[in-house]
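Biologist: I would like to learn how to read strands and helices in a model. Could we go through one together?

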Amino acid sequence: MQHRVLLITGASSGIGAATARAAARENYKLVLAARSREKLAGLAEELGPERVLAIGCDVTSMDDQQAMVEQALERFGRIDAVFANAGRGGSPGGFSGADHEAWRDMILTNIYGVGLTLQATLPALRHSRGQVVLTGSAAGRATIPGSMYGATKWAVTGIGYNLREELRGSGIRVTLIEPGMVNTPFFDEPPEYALEDRDIANAVTYALGQPAHVDVNEILIRPTPPVE
C-alpha cells in the first residue's frame, strides 16, 4: 500500500471525505476533487498537505476532469486507483411532479460525470494497472416508485458491469460499492436507521486492499434493521 495514489471525486464531505480519512490511515497519497474548495482545503490540512492534492472540480466538465488528472500526474507521477464518488440527489414528486431542472443536474453528475471521470483517468490506470471504484447504490438494484435518482444508480450499475467487460484482460479491476441508507449531508433529516459514511469507507479500502489476483466486483451494504 505504501505510496499508492488514490483519486476521489466528491471528496469534500460524506462518503468521499470518510474514504479519504480511511485511505490516509492506509498510507495512500490522495487526490481529492470536489466543487467545494473551502471544504477540501480543510480536509487536506487535516490529513497532511504533503500527501494530499486538493483540486476544485466540476465533474460535469471534461476540461476540469482532464486538468484534475494532469495535476495529479504532475504532483505524484501516477494514479493507482480512482473512486468515482461524486453524486447528488433529485427532488420529491416522482416522474409526475419532480423539479425537472434538479433532474438535469442530478443526471449530469451521477451518470455523465462518472463517464467523464472514467475517460479522463483510464489512460493513467492502464499504465498502473489500477482499480476503479464506483459509488452505486442499493437503489440501483431495486424498484423505487417515481425515483429518477434510483434510475441514475441503475445506470451506474450498468456502467460498472460494462466497464469491467471493456477492461477485461487489462489488469484493471472494477468494483461497485452499493450502499443502502447512509447518514450523510445528502439528507436534510437524519434517517431513522442508517449506515455511517465510515462504514462505506471501510468497504472501499477493503476492496482496494486486496491482492492483484483478487477482484471484488460488488459490495452491497445495508443497515441492520432495528430490533423489534
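Predicted model: local features only at pLDDT ≥ 70, side-chain atom pairs only at ≥ 80, totals over all residues.

Biologist: How many bridges join strand β1 to strand β2?

Modeller: In general, strands of a sheet pair through backbone hydrogen bonds, either parallel or antiparallel. Here β1 (residues 5–9) and β2 (residues 29–34) run parallel and are joined by five bridges.

Biologist: What is the order of the strands in the open sheet?

Modeller: The seven strands are arranged as β3-β2-β1-β4-β5-β6-β9, and the pairing is parallel. At the edges are β3 (52–56) and β9 (218–221), each of which pairs on one side only. On average, neighbouring strands are turned by 15 degrees against each other, with direction ignored.

Biologist: Which strands does helix α3 touch?

Modeller: Helix α3 (residues 62–76) packs on the sheet and touches β1, β2 and β3. The direction of α3 makes about 160 degrees with that of β3.

Biologist: How do I read two helices that pack together?

Modeller: Two packed helices are described by the angle between their axes and the distance between the axes. For α5 (residues 100–128) and α6 (residues 148–166), the angle is about 15 degrees and the axes are 9 Å apart. Angles under 35 degrees count as roughly parallel, so α5 and α6 are roughly parallel to each other. The crossing of α5 past α6 is right-handed.

Biologist: Which residues make the contact?

Modeller: Among them are Trp103, Ile107 and Leu118 of α5, and Tyr149, Val156 and Leu163 of α6. By class, the contact of α5 with α6 has 13 nonpolar, two polar and two charged residues.

Technical notes
Residues numbered from 1 in each chain as written. Heavy atoms only, no water. Axes fitted to C-alpha atoms, helices over the stretch in contact; angles between N-to-C directions. Helix = DSSP H or I, 4+ residues; strand = E, 2+ residues; numbered from the N terminus. Parallel < 35°, antiparallel > 145°, perpendicular 65-115°, else oblique. Left-handed = near helix turned anticlockwise from the far one by under 90°. Contact = heavy atoms within 4.5 Å. Nonpolar A, V, L, I, M, F, W, Y, C, P; charged D, E, K, R; others polar. Pairing = 2+ DSSP bridges.
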